[in-house]
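Thanks, everyone. I'll take one model and go through it in short steps. Please have a look at it first.

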Amino acid sequence: MFDSIRIFLPFGLSNNFFTDLAKEENSQDDPAMKLQGLLTWSENQFSDLPWRRNRSLYRTLVSEIMLQQTTVATVRNHFERFLDRFPDLPSLARATEEELTVAWKGLGYYRRARNLKKIAEAIYRDHGGEFPQDRAKLMEIPGIGPYTASALIGIGMDRPALAVDANLERVIARLFTLPFEKGPKLQTDIQRRFDAGEIFATDLSYRSLNEALMDLGRTYCQARKASCELCPLKLECQAFEARVPLKWPATKTALPTTSVAHELHLLRVIVKKNNSVLVYRKKTHEWLAGQFEVPTFILASTDLQLKQYPRLTTDLKPLFSFTTGITKYKIKNSVLVLDEIEFEKLPFTMPSEWRPVAAEDSNFSTATMKALLKLAQS
Ligand code: SF4
């Protein structure tokens, strides 16, 4: 329309002024332009995260599994160290349980480490060491669920897919004021809209898009706090427009809960011989599976069902105590130092072994490390 109109323009403005203006106005309605602002913000802020450098599907897999239940700050401190130890699928597939738990130390939720190794084994064994490119085939691999498959496709392969974790779920629910409670129904609705091309149909990089939405959920668009004024998508966000961003996604009315924190009093027994200490390995279905602990007993617990350790009643006086926590338990750890003969009088039946106290790869649990450290300082 503007091409057919010739007008005298003030000095300095070209005859393309209106055409340019029209383009600019259109660009502000262009979804790609709006998303590009988000992507540029993310790139400027977070491109130095270690898993966003030297990209490979293996690095994406490792980082996504690590990030599923651990903060970015913690993964940042452990990612390269794990990759130094297991630089590729074959090295991870060959890892022993002990090597794996040592390398995973500090990241918590060890089940993920075993899961990661199982995935590596399956890709190495069944797919010649190459990641399948197809979603259905990826999801045939034990340990790869819908989220990890989407992350591998969207982030690892930079192809259309949304890896809908809790951050994306929240951000997208707010951007489009989606009417579902957080959880499976909301995730299904997001997936349906995405598959139908109703949301995030773009030529931009899906890798960058996924990562930018994750960044947004982690920073400005948090569950209990939305810093909308700083948000690169605020002009497009329906929840911001409604002025009540925290209303989305809806949450179930909290039911009275019975899963209150439990108090637990444990006795940790240190038995030393030369530079070694008597320990036992935690079993597969216990807390901290695969790690070594000094013999431990339950002295008292508000959870009468707890079967992690044998129970003990004793008059022996502990040397010192310290507190720790795990899942729903607040733990008082009392530490006793005994010699071998005294220890044999206690009802401890787990197979034990001597392990050097100072070895770097000792794979001791955090509580055992703390007990040994405090003993050394006492
Ligand atoms: S404008 Fe606010 S609610 Fe909307 S995406 Fe940004 S931070 Fe979240």
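Two housekeeping points. This is a predicted model: local features need pLDDT of at least 70, side-chain atom pairs count only at pLDDT 80 or more, and totals for chains, interfaces and linings use all residues. Residues are numbered from 1 along each chain as its sequence is written.

Helices are DSSP runs of H or I, at least four residues, and strands are runs of E, at least two, numbered from the N terminus.

How does α10 pack against helix α11, residues 184-195? The angle is about 70 degrees, and the axes are 10 Å apart. Axes are lines fitted to C-alpha atoms over the stretch in contact, and angles run from 0 to 180 degrees between N-to-C directions. So α10 and α11 are roughly perpendicular, a label for angles of 65 to 115 degrees. Glu 169, Ile 172 and Ala 173 of α10 meet Leu 186, Gln 187 and Ile 190 of α11. Contact means C-beta atoms, placed from the backbone, within 7 Å. The residues of this contact divide into 4 nonpolar, 1 polar and 1 charged.

Now the strands. β5 (residues 320-326) and β6 (residues 329-338) pair in the antiparallel sense over 7 bridges. Pairing requires that DSSP finds at least two bridges. Thr 324 stands opposite Ile 331 in β6. The two strands form a hairpin with 2 residues between them. In the turn, Thr 327 has a positive phi of about 40 degrees.

Most residues other than glycine have a negative phi, and most peptide bonds are trans. Asn 274 has a positive phi, near 50 degrees. Asn 274 sits in the loop between β1 and β2 (276-281). The peptide bond from Trp 248 to Pro 249 is cis, with omega near -10 degrees. Pro 249 lies in the loop between α13 and β1 (262-273).

Note on methods: Angles under 35 degrees count as roughly parallel, over 145 as roughly antiparallel, 65 to 115 as roughly perpendicular and the rest as oblique. Two residues are in contact if their C-beta atoms, placed from the backbone, lie within 7 Å. Ala, Val, Leu, Ile, Met, Phe, Trp, Tyr, Cys and Pro count as nonpolar, Asp, Glu, Lys and Arg as charged, and the others, Gly among them, as polar.
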